[in-house]
Amino acid sequence: MAKVKGFVSIKIEYCKGCDLCVHECPQDTLVLSDKINQKGYRYAEMTNDTCTGCTNCALVCPEAIITVYRENLKKKSKSVEKIQTVSV
Ligand code: SF4
Ligand code: SF4
C-alpha cells in the first residue's frame, strides 16, 4: 500500500479537454469524462483512487486548473497537504 495517497481537484468548468493530464498521469487515475462542461468540452476527472499526488497532471495542464493534495498515511492523525494551488 502506498505511504502517500493523493487526490486532485479539477475546476472542470475551465477544462478544455486537451487530454494532457490523462496522458501524463503515471497511475492512470484520470480520464476524460463522457459528459461535457459549459464550454462544450469533455473534462478530466478522477476514475479511481490510485493517485499518489505526484503533481504531473497539474504541471502539464495549460489551463492551470488542477490542485493536488497529498495525505500522509504514515501519520496517526491524517494530515492532508495542499501541494499545488493555481488559479485561472
Ligand atoms: S497527481 Fe499524479 S497520480 Fe495524481 S492524478 Fe495527477 S498525475 Fe495522476
Ligand atoms: S490538462 Fe487541464 S485542460 Fe487539459 S484535460 Fe487536463 S484538466 Fe483539462
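1. Conventions. Residues are numbered from 1 along each chain as its sequence is written, while chains are lettered from A and ligands numbered from 1 in the order in which they are written. The model is predicted, with local features needing pLDDT of at least 70 and side-chain atom pairs counting only at pLDDT 80 or more, whereas totals for chains, interfaces and linings use all residues.

2. Fold. The protein has two helices and five strands. Helices (H or I, at least four residues) and strands (E, at least two) are DSSP runs, numbered from the N terminus. Read from the N terminus, the order is β-α-β-β-α-β-β.

3. Of the 88 residues in the protein, 23% are buried. A residue counts as buried if 20 or more other C-beta atoms lie within 10 Å of its own, as exposed if 12 or fewer do, and as partly exposed in between, with C-beta atoms placed from the backbone. Two residues are in contact if their C-beta atoms, placed from the backbone, lie within 7 Å. Among the contacts with a separation of 6 or more, 57% are between residues 24 or more positions apart.

4. Ligand 1. The shell around ligand 1 has 15 residues, of which Cys25, Cys51, Cys54, Asn56 and Cys57 come nearest. β1 and α2 (56-60) are the elements that give two or more residues to this shell. A residue is near a molecule or strand if its C-beta atom, placed from the backbone, lies within 6 Å of it. By class, the shell holds seven nonpolar, seven polar and one charged residues. Here Ala, Val, Leu, Ile, Met, Phe, Trp, Tyr, Cys and Pro count as nonpolar, Asp, Glu, Lys and Arg as charged, and the others, Gly among them, as polar.

5. Ligand 2. There are 15 residues around ligand 2 as well, and Cys15, Cys18, Cys21, Ala44 and Cys61 come nearest. At least two residues of this shell come from each of α1 and β3 (42-46). The shell divides into 11 nonpolar, one polar and three charged residues.

6. Core. The largest nonpolar core has 15 residues, and those with the most contacts inside it are Val8, Ile10, Cys21, Ala44, Cys57, Cys61 and Ile66. Two or more residues of this core come from each of β1, β3, α2 and β4 (66-72). A nonpolar core is a set of buried Ala, Val, Leu, Ile, Met, Phe, Trp, Tyr and Cys residues joined through C-beta atoms within 7 Å. In soluble globular proteins, nonpolar side chains tend to be buried together. Not counting residues up to four places away in sequence, Val8 touches Met46, Cys51, Cys57, Ile66, Thr67 and Val68.

7. Strands β2 (residues 30-36) and β3 run antiparallel and are joined by four bridges; two strands pair if DSSP finds at least two bridges between them. Leu30 stands opposite Met46 in β3. Five residues lie between the two strands of the hairpin, where Gly40 takes a positive phi near 90 degrees.

8. Ile12. This residue sits in the loop between β1 (4-10) and α1 (20-24). Ile12 is partly exposed because it has 19 C-beta neighbours inside 10 Å. Leaving aside neighbours within four places in sequence, Ile12 is in contact with Asn37, Tyr43 and Glu45. Ile12 and Ile65 are 53 residues apart in sequence, yet their C-alpha atoms are 7.8 Å apart.

9. Glu24. Helix α1 contains Glu24, which is partly exposed, with 16 other C-beta atoms within 10 Å. Outside four places in sequence, Glu24 touches Asn56, Cys57 and Val60. Glu24 and Cys61 are 37 residues apart in sequence and 9.7 Å apart in space, C-alpha to C-alpha.

10. Leu73. The loop between β4 and β5 (79-84) holds Leu73. Leu73 is exposed, since 12 other C-beta atoms lie within 10 Å. Beyond four places in sequence, Leu73 touches Lys3, Val4 and Lys5.

11. Positive phi outside glycine. Asp28, in the loop between α1 and β2, has a positive phi of about 55 degrees although it is not a glycine. Asp28 counts as exposed, with 11 C-beta neighbours inside 10 Å. Ala64 also has a positive phi of about 55 degrees without being a glycine, and is found in the loop between α2 and β4. Ala64 is partly exposed, with 15 other C-beta atoms within 10 Å.
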